[in-house]
Amino acid sequence: MEKGTVYLVGAGPGDIRLITVYGLDCIKRADVIAYDRLINTELLGYAKEGAELVYVGKLPGRHALIQEEIHDLLVEKALSGKTVTRLKGGDPCVFGRGGEEAEVLAAHGIPFEIVPGVTSGIAAPAYAGIPVTHRDHATTFTIVTGHGKKERGMDGIQWDSLAKGSDTIAFYMGISNLSYICKELIGHGKNAATPAAVIQWGTMEKQQVVTGVLSTIEEEVQQSGITHPAIIIVGEVVRLREKIQWFQKEGAAVV
């Protein structure tokens, strides 16, 4: 039997309009769609009749399928000749384990393609009126996983380099770790008055944004009730929100 092809597709950050043309085409052609928790499920409405929809999403501490089972699922369906779309929030290669899944597929000789998507660390701040780079404020931009802690033996971040060497920092999956992130940045030389923002459900109509500075943002977030999924943005570019916020403003177009 001829092997099927697996498409590792980035679904974008939430706004259904931000999926790529090719990503949408992969949804439409799939016999099987294995989809994550953070995708906009309206995208599944584009699946062809009879397509098998498999939820493989993960909540913090609770996994519908562990990663190895997802690998087995992709391999099994592709070896049976199915066209498989692995639909991930954001971009498949930005903390989406797309590289791991591609390695497994390659090891089994299964043809695959990686279809990039718009990542939330850029899209969410853009919808909040915060460009991650700006000629006057930021020429460097760093994406960081935000859930590691020293006491868990999970913190491999070079905090000194990060605090001193990057103008704009986007932390993914870090909302429950916000206190630690702020403490480490300040402790390694980042000014406590550096602007910071937390954006929940970025690009969606229910998007919420809280701004402050490193020394106050944790308190601001606690008062707002914001929780995951959220992106943390640190840098002078956060100040631009006062001038250029556009999404959810009175009169802004929300389709």
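Reader: To start with helix α4, what covers its buried residues?

Author: In this predicted model, the cover over the buried residues of α4 includes the strands β8 (141-145), β9, β10 (195-200) and β12.

Reader: And which residues of α4 are the buried ones?

Author: Helix α4 spans residues 120-127, and its buried residues are Gly121, Ala123, Ala124, Pro125 and Tyr127. Just after the helix comes Gly129, which takes a positive phi of about 80°.

Reader: How many aromatic pairs turn up in the whole structure?

Author: The search over the whole structure finds eight aromatic pairs. One of them joins Tyr7 and Tyr22 in an edge-to-face arrangement, with 6.5 Å from centre to centre and 85° between the planes. This pair links distant parts of the chain, since Tyr7 sits in strand β1 (residues 6-10) and Tyr22 in helix α1 (residues 21-29), 15 residues apart.

Reader: Are those two tyrosines buried or exposed?

Author: Tyr7 is buried, with a relative accessible area of 7%, whereas Tyr22 is partly exposed, its relative accessible area being 33%.

Reader: Then why does the pair of Trp159 and Phe171 count as stacked?

Author: The ring centres of Trp159 and Phe171 are 6.1 Å apart and their planes stand at 25°, and because planes under 30 degrees apart count as stacked, the pair is put in that class. It also links distant parts of the chain, with Trp159 in helix α5 (residues 159-165) and Phe171 in strand β9 (residues 168-172), twelve residues apart. Both Trp159 and Phe171 are buried.

Reader: Changing topic, where does Leu240 lie?

Author: Leu240 is in the loop between β12 (230-234) and α8 (241-244), and it is buried, with a relative accessible area of 9%.

Reader: Which residues does Leu240 touch, leaving out those up to four places away in sequence?

Author: With those sequence neighbours left out, Leu240 touches Gly129, Pro131, His134 and His137. As for Ala128, its C-alpha is 9.6 Å from that of Leu240, although the two residues are 112 apart in sequence.

Reader: On to helix packing, at what angle do α6 and α7 pack?

Author: Helix α6 (residues 178-187) packs against helix α7 (residues 217-224) at about 165°, with the axes 9 Å apart. That angle makes α6 roughly antiparallel to α7, and the crossing of the two is right-handed.

Reader: Which residues meet there?

Author: From α6 there are Leu178, Ser179 and Cys182, and they meet Ile217, Glu218 and Val221 of α7. By type, the residues of this contact divide into four nonpolar, one polar and one charged.

Reader: What about α2 and α3, how do they pack?

Author: Helix α2 (residues 67-79) and helix α3 (residues 98-107) pack at about 45°, their axes being 10 Å apart. That makes α2 oblique to α3, and their crossing is right-handed.

Reader: Which residues make that contact?

Author: On the side of α2 the contact is made by Gln67, Ile70, His71, Leu74 and Val75, and on the side of α3 by Glu100, Glu101, Val104 and Leu105. The residues of the contact of α2 with α3 divide into five nonpolar, two polar and two charged.

Notes: Residues are numbered from 1 along each chain as its sequence is written. This is a predicted model: local features need pLDDT of at least 70, side-chain atom pairs count only at pLDDT 80 or more; totals for chains, interfaces and linings use all residues. Side-chain values use heavy atoms; hydrogens and water are left out. Axes are lines fitted to C-alpha atoms, for helices over the stretch in contact, and angles run from 0 to 180 degrees between N-to-C directions. Helices (H or I, at least four residues) and strands (E, at least two) are DSSP runs, numbered from the N terminus. Angles under 35 degrees count as roughly parallel, over 145 as roughly antiparallel, 65 to 115 as roughly perpendicular and the rest as oblique. A crossing is left-handed if the near helix is turned anticlockwise from the far one by less than a right angle, and right-handed if clockwise. Contact means heavy atoms within 4.5 Å. Ala, Val, Leu, Ile, Met, Phe, Trp, Tyr, Cys and Pro count as nonpolar, Asp, Glu, Lys and Arg as charged, and the others, Gly among them, as polar. Rings of Phe, Tyr and Trp (its six-membered ring) pair if their centres lie within 6.5 Å; planes under 30 degrees apart count as stacked, over 60 as edge-to-face and the rest as tilted. Buried means under 20% relative accessible area, exposed over 50%, partly exposed in between (1.4 Å probe, protein chains only).
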